[in-house]
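Work through the exercises below with the sequence and the structure at hand. Each task is followed by a solution in steps.

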Number of protein chains: 2
Amino acid sequence: MTAEILSVGTELLMGQIANTDAQYISRRLAELGITIYRQATVGDNPARLREALTQALGRADLVITTGGLGPTEDDLTKETVAEVMGKTLVMHRPSYQRMVRWLEKVGRPLTDNNLKQAMLPEDAVVLDNVYGTAPGCIMERDGRAVAVLPGPPHELKAMFEGQLAPWLMQKSGVTIRSKFLHVFGIGESLLETMLKDLFHTEDPTLALYCSPGEVVCRVTSRADTDEEALKRIRPLEEEILSRVGDHFYGEGADLTINRAAFEALRARGQTVCFAESLTGGRLAASIVDCPGASDVLKESYITYCDEAKHRVLGVRQDTLDRFTCVSAQCAAEMAEGARRISKADWGVSTTGIAGPDGGTADTPVGTVFIGIAGPNGARGQGFRFAGDRDAVRLQAVKWACDILRKEIGKA
Amino acid sequence: MTAEILSVGTELLMGQIANTDAQYISRRLAELGITIYRQATVGDNPARLREALTQALGRADLVITTGGLGPTEDDLTKETVAEVMGKTLVMHRPSYQRMVRWLEKVGRPLTDNNLKQAMLPEDAVVLDNVYGTAPGCIMERDGRAVAVLPGPPHELKAMFEGQLAPWLMQKSGVTIRSKFLHVFGIGESLLETMLKDLFHTEDPTLALYCSPGEVVCRVTSRADTDEEALKRIRPLEEEILSRVGDHFYGEGADLTINRAAFEALRARGQTVCFAESLTGGRLAASIVDCPGASDVLKESYITYCDEAKHRVLGVRQDTLDRFTCVSAQCAAEMAEGARRISKADWGVSTTGIAGPDGGTADTPVGTVFIGIAGPNGARGQGFRFAGDRDAVRLQAVKWACDILRKEIGKA
């Protein structure tokens with residue numbers, strides 16, 4: 001099955017919001033084994049929507065529209081899709097009643113405009129909206145389908161997961177199973193070279209997703225049963241793991257390197273305390289992002305100036321004088337200090353030059369040292385990251401999490 | 001002038017990343033008075049790119065492509081655009097030399113693949129890449145233009161601002177001037193009501209951009225000169241400012257509430273120290289995001305557990321016992337403690353329930369107290385934020401920054 005996404009909304013064309021709906025649907029369709037060749041966005045304009053929809057239906061089996069289901073006169077997605085698909089809208093009583101109850105619950109009045117939201121094609125598959133007044137629907141004709149979804153992300157996600165995904169799975173009649181293997185510290189092109197001979201198989205298939213410092217290997221199989229799909233995935237999975245070694249940090253669709261560090265700590269009942277300079281709290285925040293963070297982080301320190309590194313963390317003045325704060329020595333002492341004052345199992349530090357200013361010939365912008373202190377002592381490690389202030393700091397956070405989860409594994 | 005955006009990247013079709021490039025360009029083109037009717041995304045597939053590009057060129061004066069300029073064989077955007085535009089690629093020596101220097105600087109080897117990145121059409125306007133190896137370019141033919149930009153957001157933004165935006169301004173021959181007035185703490189629909197009679201003017205125009213807790217009022221005028229445009233903007237600007245009062249926090253395209261707090265501190269030569277619980281470092285990081293942060297933040301504390309609030313910050317045990325840590329009293333003492341131990345001019349704290357667990361009937365998820373301590377004493381203020389863990393923490397950060405910048409203004 002091939003699909004296209006057609007997003008409707010002038011706010012997208014004006015750049016007021018990012019199209020996270022398209023991203024969400026794309027990711028989920030990929031996981032369901034449905035191929036997307038195109039995404040398009042048009043404004044709240046029936047003529048352009050009609051043109052884009054007609055083109056998309058000429059290429060794909062399924063078109064998913066997002067947005068334009070609101071109560072105002074601008075919102076014309078459902079009406080335009082119905083016109084293109086040759087459907088007539090009629091009042092859908094169950095949706096009307098659901099809307100009345102929903103408005104009562106949130107204490108908002110029912111307006112005439114809302115009535116339009118309960119108008120649906122007679123033969124449509126109706127998709128209930130758990131979080132709003134606008135139902136979605138699936139319209140079918142001549143072996144093609146258009147699924148009409150609301151724009152607000154939480155309404156769309158609930159409708160996709162609860163109703164559209166099951167409908168798609170049933171339609172395709174196969175089980176599609178993916179495993180996501182997360183690899184840190186090998187660049188995209190190097191990893192591609194390392195796994196070169198593993199691409200281009202029919203089933204299971206291998207695809208790489210990349211973001212700075214990280215690559216996700218997606219292994220997907222289609223089979224009659226979940227068990228069979230997993231069985232087919234296993235040999236390729238094992239081959240990948242044997243090649244990437246300890247660069248592999250975990251499995252799962254939503255895993256991130258900070259989450260992996262958090263999970264490693266929690267699995268062992270251990271705690272961490274950070275001593276951050278250039279990352280300025282971002283490293284600690286990446287752990288606190290994870291629900292349950294209080295199990296692994298009790299306190300943490302940001303020491304941005306030298307004086308605070310010395311006074312709060314106990315970094316020796318001699319170290320600062322001889323090596324400066326941008327040094328492996330300082331990073332190690334910062335990590336040690338954080339561990340000592342917090343009594344945490346692990347201390348992890350960051351220090352370096354995020355830019356745009358402050359770089360020198362010897363220590364240019366992007367020079368970063370990460371320190372780690374644990375049961376086997378403390379050490380600092382140097383890096384040179386590319387990119388602007390934000391990119392340098394983000395990479396420092398990710399590498400610090402990677403060093404931590406590796407050390408936890410070794411201890 | 002009308003434009004379309006054509007994003008190229010299988011990672012977008014697979015939903016690995018959100019298309020923030022398209023959002024960025026859309027917003028900036030709107031500010032420049034260029035109308036966008038369509039955005040489209042295709043994968044790293046020359047045939048589909050060719051089809052989409054040909055269609056787009058049939059409708060718009062300008063097509064901006066993003067992505068597909070990397071060194072690998074998949075990256076074929078420039079080659080495909082050149083083919084459609086009837087251009088031949090030749091080695092562009094200045095870009096080659098720039099690339100060699102850039103790779104030297106970041107300590108990466110020059111590969112054969114990189115050479116392809118320096119191949120450009122002979123008559124193209126070359127757009128230098130400040131942050132990477134891939135130059136962009138503008139190809140023109142028959143009154144239509146295609147601007148080819150790299151995908152990584154920081155590379156794209158620098159190229160857009162430094163080179164494409166000036167080219168577009170020159171091309172359109174009019175001066176378009178916008179002012180961005182930032183408003184915090186008034187919801188979108190309330191602000192819309194407050195400013196209702198100010199919309200729908202021909203020139204200057206008013207548009208609102210919204211994000212949680214924040215609204216930006218964009219006032220735009222087109223005129224022959226910058227001076228004339230600014231003169232036309234002024235009366236509307238003054239009217240808006242008089243209506244929103246101290247909810248207005250500053251002006252500028254890229255201003256954010258954390259940056260406003262940072263600027264307020266720096267303008268007065270003052271410093272801040274945070275005491276964070278639920279925000280877990282994110283508040284400090286939002287200040288450290290700003291280049292020059294070392295002027296205003298020397299150290300900061302994350303005290304996630306009660307014991308650390310007491311030991312590190314000196315919150316009284318009696319306060320924790322009587323009011324719990326989710327209280328105005330605790331927030332005030334945390335802020336006071338941060339100010340005292342750091343000797344900073346201001347102490348600001350956050351404490352509350354970010355969720356998903358930990359809520360009770362009295363203090364449900366989303367309950368947050370923000371404390372501030374300064375020359376006039378300390379106090380705590382309560383909030384109830386909507387949304388998930390991430391949304392609650394983000395709002396806590398923004399409101400803390402807002403409270404800080406307001407207090408600085410009053411002191």
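**Exercise 1.** Find how the axes of helix α3 and helix α4 of chain B cross, and which residues meet.

Solution. Step 1: In this predicted model, helix α3 of chain B covers residues 46-57 and helix α4 of chain B covers residues 77-85. Helices (H or I, at least four residues) and strands (E, at least two) are DSSP runs numbered from the N terminus.

Step 1: The two axes come within 10 Å and cross at roughly 50 degrees. Axes are lines fitted to C-alpha atoms, for helices over the stretch in contact, and angles run from 0 to 180 degrees between N-to-C directions.

Step 2: α3(B) and α4(B) are therefore oblique to each other. Angles under 35 degrees count as roughly parallel, over 145 as roughly antiparallel, 65 to 115 as roughly perpendicular and the rest as oblique.

Step 3: α3(B) and α4(B) have a right-handed crossing. A crossing is left-handed if the near helix is turned anticlockwise from the far one by less than a right angle, and right-handed if clockwise.

Step 4: From α3(B), the residues P46(B), L49(B), R50(B), L53(B), T54(B) and L57(B) meet T77(B), T80(B), V81(B), E83(B), V84(B) and M85(B) of α4(B). Contact means heavy atoms within 4.5 Å.

Step 5: Sorted by class, the residues of this contact of α3(B) with α4(B) are seven nonpolar, three polar and two charged. Ala, Val, Leu, Ile, Met, Phe, Trp, Tyr, Cys and Pro count as nonpolar, Asp, Glu, Lys and Arg as charged, and the others, Gly among them, as polar.

*Conventions.* Residues are numbered from 1 along each chain as its sequence is written, and chains are lettered from A and ligands numbered from 1 in the order in which they are written. Local features need pLDDT of at least 70, side-chain atom pairs count only at pLDDT 80 or more, and totals for chains, interfaces and linings use all residues, while side-chain values use heavy atoms, with hydrogens and water left out.

**Exercise 2.** Determine the orientation of α10(B) relative to α15(B).

Solution. Step 1: Helix α10 (residues 257-268) and helix α15 (residues 389-410) of chain B have axes that come within 8 Å and cross at roughly 30 degrees. α10(B) is therefore roughly parallel to α15(B).

Step 1: The crossing of α10(B) and α15(B) is left-handed. By class, their contact has eight nonpolar, two polar and four charged residues.

**Exercise 3.** Is G366(B) buried or exposed, and what does G366(B) touch?

Solution. Step 1: G366(B) belongs to the loop between β15 (346-352) and β16 (367-374) of chain B. With a relative accessible area of 0%, G366(B) is buried.

Step 1: Residues up to four places away in sequence are not counted, and G366(B) then touches I353(B), F383(B), R384(B), F385(B) and V392(B).

**Exercise 4.** Summarise chain A and its relation to chain B.

Solution. Step 1: Chain A has 15 helices and 17 strands. Of its 411 residues, 54% are buried.

Step 1: Chain A superposes on chain B by a rotation of 180 degrees with 2.1 Å of shift along the axis, at an RMSD of 2.4 Å.

Terms used:
Copies are superposed by least squares on the C-alpha atoms of residues with pLDDT of at least 70 in both. Buried means under 20% relative accessible area, exposed over 50%, partly exposed in between (1.4 Å probe, protein chains only).
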